[in-house]
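Here's a quick briefing to read alongside the sequence and the model.

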Amino acid sequence: MKILLILLILIINFAGTICAGEIKDRSEEIINSTFSGPVFNDAKKFMIPVELLSEVQKKCKQKFYKNYVYYWKIEEAGSLKAIAVLDNVYGKSMPITFMVIFDLDGKIIRSEIVKYREQYGGGVSSDQWNEQFKNKNSESSFNIGSDIAAISGATISVNSVTKGIRKLTLIFNSIKNSL
Amino acid sequence: MQKIYTAIFITILLIITSTVIAQDEDFFEPKSSIGGYGELHYNNEKADGKEAKKVLDFHRFVLFFGYAWNEQWSLKSEVELEHNFVKDGQGELELEQAYINYHHADWFGFQAGVILPSVGLLNEYHEPPLFLSVERPEYSKNIIPTTWFGNGVALYGSHEGFEYKLSVMEGLNSDNFKNSSGIRSGRQKGYKADAENFLYNGRIDYTGLPGLRAGVSFTYNKANGDSTEVPLTLIEFHAKYTANNIHAVFEYGNISYSDQPVESSMGYYFDLGYNVASFFCDKMEVIPFFRWTDYNTVSSFEGGGDAEKKYHNKKWMVGLSVKPIPQVVFKLDYGVRENQLTNSEVKLFNLGAGYMF
């Protein structure tokens, strides 16, 4: 009995450590693993201009979680190399936190689920599924079934994350121009 | 004893602390959410030498309601009205899901309340746009008693493309088992459920490749009623691939019973479909499909004989599933079911419209 309790405490302690500052840590870990020796600032807020926000929402048929997103400027060997953007979309009932890293032409280098909070639909976290967004930009097609694979048991998450990523491709230029 | 209480208190404190630290209003706000699905069916069923039976039925209207108190703790519920109306044993109003969900991390969460055991592809994912035929596959009715729900608790999680779920819930009432429908009538549906013998269910799936879900589940229950006790095990395998315009599904299940004349129930089916809209339009899906089904609720009977043929049915089906958007579907299908004892045929033609949100 005592051994079980000690084990439980250890597991929860360990898990609690992971939870603390999880989103920030996980985001920076993703950037670090994408580039060799990147230099990046702390996350900054980008307030989405009202007109752009409304235009993109209409185009993608999905609202932004907030009227701002977070971004990181990523430098390599002293020059700006990429921009990482962090946002949320709603899954069936909980937010899904995701990151998209763009090159300076607005092409996706990598997309990644930073935090998933539900039992169902977690397949959107898989590397293979996210790989499909690589090299897409604001002009690309994001149709589910033909361009982006559906995931059995994750219909709502697939729709939400795909629209969320497309939204970021459409505000990328505005973020870049604000730097 | 005092040490144990202290340990429990510290444990609770740690859970709460980790919850508070993880909370960040930029990424989470307490919120309620609604969803649901529904389906309208036209069924035309013509048995050999009989008049066709034609029915127009709003088969299911389902509302999902959820509320998230914080990132970890939430409520999920689902209420279903079947056949549009409830009166004198016709139609059903069911609380199919109502559970507290604690999501600690991807690898661990738990649920307590009215839950769904993880058996087959459709028991947990049965919204109309997710399967090709108008009605759910007959396998998912006669072998896997979809929708199977009941009072209990479950642990779940995922890691590196693998998902697991373990459930302990109310058992089945063996007094209500029928040769014609297997364990289906034995579901207690959470109604003052007899908790004499719990049902144990475990499932593991692989979802690491885009479009693929493949896995197995194992279920054990010493089902009991007022006059019977029937230990049973249900083992099933399922696989679904939906990518590159291909829709392929395969499910196989076997139930073994002890201490009664019926020794097993068995069935399988497969679907093959292709999204032909990909040749001319990328905004919608048009999926012609073929299905083959073989199921027998008395696949093995003490002493064998005709009893093993009486409920053995084979069926082929062709159909079309059209999705103007992923959440809305219009369907039609035609099939012939043949009974293996009488060789009699039933021709079935169905039309349907369904949605999910």
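Predicted model: local features only at pLDDT ≥ 70, side-chain atom pairs only at ≥ 80, totals over all residues.

**Confidence in chain B**

- Watch residues 19–23 of chain B, where the pLDDT is below 50. Beyond near neighbours in sequence, that stretch has 11 contacts in the model (contact means heavy atoms within 4.5 Å).

- Strands β2(B) (residues 53–68) and β3(B) (residues 73–87) run antiparallel, joined by nine bridges. Strands here are DSSP runs of E, at least two residues, and helices are runs of H or I, at least four, numbered from the N terminus; two strands pair if DSSP finds at least two bridges between them.
- Four residues sit between β2(B) and β3(B) in their hairpin, and B:L63 is opposite B:V79 in β3(B).
- β3(B) also pairs with β4(B) (residues 90–105), again antiparallel, over 11 bridges.
- That β3(B)–β4(B) hairpin has two residues between its strands, and B:D88 takes a positive phi near 50 degrees.

- Eight bridges link β8(B) (residues 199–206) to β9(B) (residues 212–224) in the antiparallel sense, with B:I204 opposite B:V216 in β9(B).
- The β8(B)–β9(B) hairpin has five residues between its strands, and B:G211 in the turn has a positive phi of about 90 degrees.
- β9(B) pairs with β10(B) (residues 229–243) as well, antiparallel over 13 bridges; here B:G215 has B:H238 in β10(B) as its bridge partner.
- Between β9(B) and β10(B), the hairpin has four residues.

**Chain A overall**

- Chain A has five helices and six strands, and from the N terminus its elements run α-α-β-β-α-β-β-β-β-α-α.
- Of the 179 residues in chain A, 54% are buried (buried means under 20% relative accessible area, exposed over 50%, partly exposed in between, with a 1.4 Å probe and protein chains only).
- If you take the contacts in chain A between residues at least 6 apart in sequence, 55% join residues at least 24 apart.
- Chain A exposes about 8,000 Å², with carbon and sulfur atoms supplying 54% of it (areas come from the Shrake-Rupley method with a 1.4 Å probe; for residues, only the protein chains shown count as cover).

**Helix α3 of chain A**

- In α3(A) (residues 50–60), the buried residues are A:L52, A:L53, A:V56, A:Q57 and A:C60. Seen down the helix axis, they fall within an arc of 130 degrees, so they line one face of α3(A) (the arc is that of the directions from the axis to the C-beta atoms).
- These buried residues pack against α5 (155–178) of chain A.
- On the face turned away from the buried side of α3(A), you'll find the exposed residues A:V50, A:E51, A:E55 and A:K58.
- Just after α3(A), A:K61 takes a positive phi of about 55 degrees.

Methods
Residues numbered from 1 in each chain as written. Chains lettered and ligands numbered in written order. Heavy atoms only, no water. pLDDT = per-residue confidence, 0-100.
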